[in-house]
Amino acid sequence: MFIEINDVNKQYSDKENRPVDVLKDINLSIEKGQFVSILGPSGCGKSTLLSIVAGLTKTTSGHIQIDGKTITKPGKDRGMVFQQAALFPWLTVMENVTFPLKKEMKKKDAEETALKYLQMVQLGKYISHYPHELSGGMQQRVAIARALAMNPETLLMDEPFGALDEQTRSRLHGQLENIWTETKKTILFVTHSISESIKLSDRIIVMGTKPGIILQDITVDIPRPREEHKNEMLEIEDHIMKYLKKEIDKVVSEELQYANSY
Amino acid sequence: MQTAIKRIIFFAAIIAFWEIGSRLEFWHPLIFPSLSSVFSALVEGFQDKTLIYDLIASFKRLAVGLAISLVIGTLIGILLGKSKTADETLGAVILALQSVPSIVWLPIAIMWFGLNEKAVIFVTILGGTFVMALNMRTGIKNVSPLYIKAAQTMGANGIDLFTRVIFPASIPYVVTGSRLAWAFAWRALMAGELLSTGPGLGYTLRYASDFGRMDIVIGVMIIIGAIGMIVDQFIFQRIEKSVIKKWGLES
């Protein structure tokens, strides 16, 4: 297996210094080239799990291996796209995308590489713009190009389209699918949208909350493009909804409890 | 109504009141000279070049003092922003020092350097350093963790992370810090010059006062205020605005 997540636990201390389980006994194997969504309600630790894979967060116990190597810190073999584009505002689009290439490539080669990926997200004409001159959707596409430019084996995406409007989001879904088909990256995609996960991924990991555990591992084998198979998509959606309903109720009742305690 | 028009009307009213009041002798010219006599004193000062030498001398000191204070302030600010221990110890001292008017340092400066150029520049440096340091510190502390995380996933760390991400991300604070440092250094310089030897705007101000030349006193004060306003509005506020826009900090 390409990515191996072994017995990963993550605990935080809350305000009264009591340990809170964010992730409990997470075990997951992912094949190379697979598009995997991690789906769950807010607070289920799905972003924390992604952050651990990225090497930005440490586990309390357990470890993650990619291609046989244990992850201890962030690395260029894993490109990350966040919910906010996280572009550097003082750099142009081109400079942003060449940012990770500065050390290992000559300027000209870096720019050629960057241009290739910017064209892939259809922003080849915007290389000398600054981030503030672009719309949210365009910024996110630059962020995707930036992550791809390092040519990582794995692409980690943390609700990358969560802050965008519906139309932009569905357009970017199409682009992401194309990029995935073209580059054959292994993609770990965190989302709380059931339909988004069904539309995009080969496999959906459904997570539950308090503590964050894996509830279901669902294989989606609907042929692409999936827009033409609406019924199959709806079937899976119903199936997932059943599992998530309980979890969402749990979140809601806990929030009510919290509100009532004041 | 546009700001410019409001300002013109406002200043016209003040000027009219001032000139008419002086001509009707509402107050004695030795207490407050008329606008026209202030104006002619300024013209005379520029014609015999004394005011020009004063301006050059003052700006020379300011340039040296401000440049040094920006460098030292930036370095102290980076130290405070990066090291928690430094922030908890040295940070408290800097905060205390910032509330000390820099002219208070002049007696010490005179003891160390004598009543000369060096003492005035020393006071000017102290005027700008602390406010620059505190802004630099805030800038470093306020760098979005998202930028740092993003940079780490792209292989940046250590000094590379600092020079390519943390420092550029805090540029808006560097600009604000420089703007305040300029204003504080300018004040400190004028105060220092009042007590030192010439040439220099502050020196001429005191000299004129000693000789009862109220027209020159008011004229020099107007120059000091006008320079302060022009530099702030036309240099620093413009840079600040464009940086705020580019860094996406507009609310």
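Domain bounds used in these legends come from an automatic or database domain assignment. This is a predicted model: local features need pLDDT of at least 70, side-chain atom pairs count only at pLDDT 80 or more, and totals for chains, interfaces and linings use all residues. Residues are numbered from 1 along each chain as its sequence is written, with chains lettered from A and ligands numbered from 1 in the order in which they are written.

**View 1. The two domains of chain A.** Domain 1 of chain A takes residues 1–65 + 156–262, and domain 2 takes 88–152. Their centres, taken over C-alpha atoms, are 27 Å apart. Nine residues of domain 1 of chain A are in contact with seven residues of domain 2 of chain A (contact: C-beta atoms, placed from the backbone, within 7 Å). On the domain 1 side of chain A, the touching residues are six nonpolar, three polar and no charged. Ala, Val, Leu, Ile, Met, Phe, Trp, Tyr, Cys and Pro count as nonpolar; Asp, Glu, Lys and Arg as charged; the others, Gly among them, as polar.

**View 2. The largest nonpolar core.** This core has 73 residues. A nonpolar core is a set of buried Ala, Val, Leu, Ile, Met, Phe, Trp, Tyr and Cys residues joined through C-beta atoms within 7 Å. Buried means 20 or more other C-beta atoms within 10 Å of the residue's own, with C-beta atoms placed from the backbone. I38(A), V53(A), V97(A), A145(A), L188(A) and I205(A) have the most contacts inside the core. Helix α4 (residues 136–149) of chain A gives the most to it, with seven residues. Helices (H or I, at least four residues) and strands (E, at least two) are DSSP runs, numbered from the N terminus.

**View 3. The surroundings of I205(A).** Which residues does I205(A) contact, leaving aside its neighbours within four places in sequence? They are L28(A), V36(A), S37(A), I38(A), L39(A), I214(A) and D217(A).

**View 4. An open sheet in chain A.** Four strands of chain A are ordered β2-β1-β4-β5, with antiparallel pairing (strands pair if DSSP finds at least two bridges between them). β2 (19–30) and β5 (69–70) of chain A stand at the edges with a single partner strand each, so one side of each has no neighbour in the sheet. Strand β4 (residues 61–66) of chain A is joined to β5(A) by two bridges. Q65(A) has T70(A) in β5(A) as its bridge partner.

View 5. Chain B has eleven helices and zero strands. Its C-alpha atoms fill a box of roughly 75 × 55 × 30 Å, taken along the principal axes. Of the 251 residues of chain B, 37% count as buried. Among contacts in chain B with a separation of 6 or more, 72% come from residues 24 or more positions apart.

**View 6. Where chain B touches chain A.** The contact takes 15 residues from chain B and 20 residues from chain A. On the chain B side, α7 (145–153), α8 (158–169) and α11 (214–246) each supply at least two residues. α7(B) gives the most, with six residues. By class, the chain B side has eight nonpolar, four polar and three charged residues.

Key:
A residue is buried if 20 or more other C-beta atoms lie within 10 Å of its own, exposed if 12 or fewer, and partly exposed in between; C-beta atoms are placed from the backbone. Two residues are in contact if their C-beta atoms, placed from the backbone, lie within 7 Å.
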